[in-house]
Number of protein chains: 2
Amino acid sequence: MTGLDSDTGTNGVHGLAPQQLDAYFALMEAVSLLQHHVERHLRTEGNLSYVQFQLLARLSAARGQLTMTQLADGVVYSRSGLTYQAGLLEKGGLITRGPSPDDERATLVAITEAGRALFDRVLPGHIRVVRGMLFDPLTGDDLRHLGDIMTRVRDHMRAQPPRSAAPRRRRPASAAPASLPATTGRALTGKTRPGAEAR
Amino acid sequence: MTGLDSDTGTNGVHGLAPQQLDAYFALMEAVSLLQHHVERHLRTEGNLSYVQFQLLARLSAARGQLTMTQLADGVVYSRSGLTYQAGLLEKGGLITRGPSPDDERATLVAITEAGRALFDRVLPGHIRVVRGMLFDPLTGDDLRHLGDIMTRVRDHMRAQPPRSAAPRRRRPASAAPASLPATTGRALTGKTRPGAEAR
DNA sequence: TCTACTTGCTTCGACTTCGAAGCACAACCG
DNA sequence: CGGTTGTGCTTCGAAGTCGAAGCAAGTAGA
């Protein structure tokens with residue numbers, strides 16, 4: 001089922017043991033499923049998207065206020081996307097955005113009473129869903145392991161240059177990645193701009 | 001950091017131990033990070049999105065052809081979204097879509113030579129990224145656990161009514177979910193249609 | 001077999017998401 | 001100081017994503 005490799009009959013395809021592949025695929029698939037369920041729940045009960053929920057969670061946990069960047073990084077999200085979502089949340093009266101006294105450029109975000117109320121209202125159900133989906137089939141030992149493992153993995157990943165770290169080259173002079181020969185997989189995804197790579 | 005609850009000072013908020021919450025958040029965050037990295041890699045090397053990669057993987061592993069629904073379910077994806085992506089992949093010559101002899105409604109999807117070639121070309125790099133991000137900080141024992149745990153979780157989730165199972169009520173007579181009092185969290189996300197819930 | 005219901009897929013419209021580009025302030029450095 | 005570079009956020013345009021609605025083929029029952 002998880003196949004992909006198990007089916008090709010090859011062992012240790014390209015240097016990865018099938019066991020690893022299986023773990024990887026199971027992980028991604030499970031999380032994907034979990035996220036869908038959670039999202040559905042949050043939507044019906046509270047009219048929130050998962051990102052919005054996460055934002056409220058962060059803000060709720062944060063002592064005072066957070067800058068947009070802190071928030072975006074915390075949630076693994078694009079900055080522009082955050083601007084959009086923050087706009088919605090603000091319009092909904094769940095958060096406030098204001099200037100920072102320290103840094104004129106920064107925008108400080110804080111959760112409102114309504115936001116906290118809503119968050120508190122959905123949290124129990126959220127947890128219920130997560131428990132039903134994720135924790136039900138796990139023993140306490142599994143759980144301990146999972147937490148330990150994923151924490152380590154996350155920290156490891158966090159160590160890598162974070163999402164927003166990519167320095168914005170001011171002058172794209174010779175910055176083109178130009179890594180791949182771009183042989184087989186040319187077009188696709190329509191991501192190629194009209195002009196680029198005349199077909 | 002993972003806070004949200006650790007900060008509120010409460011223990012076992014709403015019946016979930018902080019340990020569970022931590023595991024949950026670490027899990028989601030790690031996968032989120034992983035996915036971003038993977039996506040970036042696939043995009044630069046092969047011009048594929050993660051979904052497209054997954055689709056190719058499924059099709060590559062599949063002996064013969066798969067129907068759209070099988071494919072969508074396998075990848076945890078909306079049907080309409082699949083139609084869109086399949087269109088792109090087909091236009092790119094990586095897959096083919098054709099009618100099914102058994103069921104006139106069904107569409108059978110198969111991977112082409114080019115598709116298989118591209119997939120084989122990206123796979124090694126993909127694996128390299130995953131290994132660097134996910135497996136590096138793990139021991140063989142961790143890996144075994146992770147695979148075991150996530151497989152169990154996934155199967156558990158799969159048991160729940162699958163994404164596409166929601167029966168399309170033909171007559172919305174009295175089908176309104178009508179579960180929540182819809183108190184605090186009304187509008188937001190602009191998801192509310194112009195007409196619904198006059199403001 | 002005619003009619004209703006189910007099921008597979010696509011179309012449609014609305015929303016979300018992202019990266020690139022832009023704007024404004026901050027931080028250096030001579 | 002004045003210029004250059006870096007940083008925080010938003011705007012903009014292009015895609016991607018989803019659910020609802022629609023179409024057509026299967027299926028069940030009278």
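1. A nonpolar core is here a set of buried Ala, Val, Leu, Ile, Met, Phe, Trp, Tyr and Cys residues joined through C-beta atoms within 7 Å. The model under discussion is a predicted one. Its largest nonpolar core holds 93 residues, and those touching the most other members are Leu27(A), Ala30(A), Leu27(B) and Ala30(B).

2. One of these residues, Leu27(A), has contacts in chain B. When residues up to four places away in sequence are left aside, Leu27(A) touches Val31(B), Leu146(B) and Met150(B).

3. Chain A also contains an open sheet of 3 strands, arranged in the order S1-S3-S2 with antiparallel pairing. Because S1 and S2 of chain A stand at the edges and have a single partner strand each, one side of each is left without a neighbour in the sheet.

4. Strand S1 (residues 66-67) of chain A is joined to strand S3 (residues 107-111) of chain A by 2 bridges, the two running antiparallel. Leu66(A) has Val109(A) as its bridge partner in S3(A), while Thr67(A) stands opposite Leu108(A).

5. On the pairing of S2 with S3, strand S2 (residues 95-99) of chain A runs antiparallel to S3(A) and is joined to it by 5 bridges. Within S3(A), the residue opposite Ile95(A) is Ile111(A).

6. Which helix lies across S1, S2 and S3 of chain A? Helix H2 (residues 50-61) of chain A does so, and its direction is at about 90° to S3(A).

Notes:
Residues are numbered from 1 along each chain as its sequence is written. Chains are lettered from A and ligands numbered from 1 in the order in which they are written. This is a predicted model: local features need pLDDT of at least 70, side-chain atom pairs count only at pLDDT 80 or more; totals for chains, interfaces and linings use all residues. Two strands pair if DSSP finds at least two bridges between them. Helices (H or I, at least four residues) and strands (E, at least two) are DSSP runs, numbered from the N terminus. A residue is buried if 20 or more other C-beta atoms lie within 10 Å of its own, exposed if 12 or fewer, and partly exposed in between; C-beta atoms are placed from the backbone. Two residues are in contact if their C-beta atoms, placed from the backbone, lie within 7 Å. Axes are lines fitted to C-alpha atoms, for helices over the stretch in contact, and angles run from 0 to 180 degrees between N-to-C directions.
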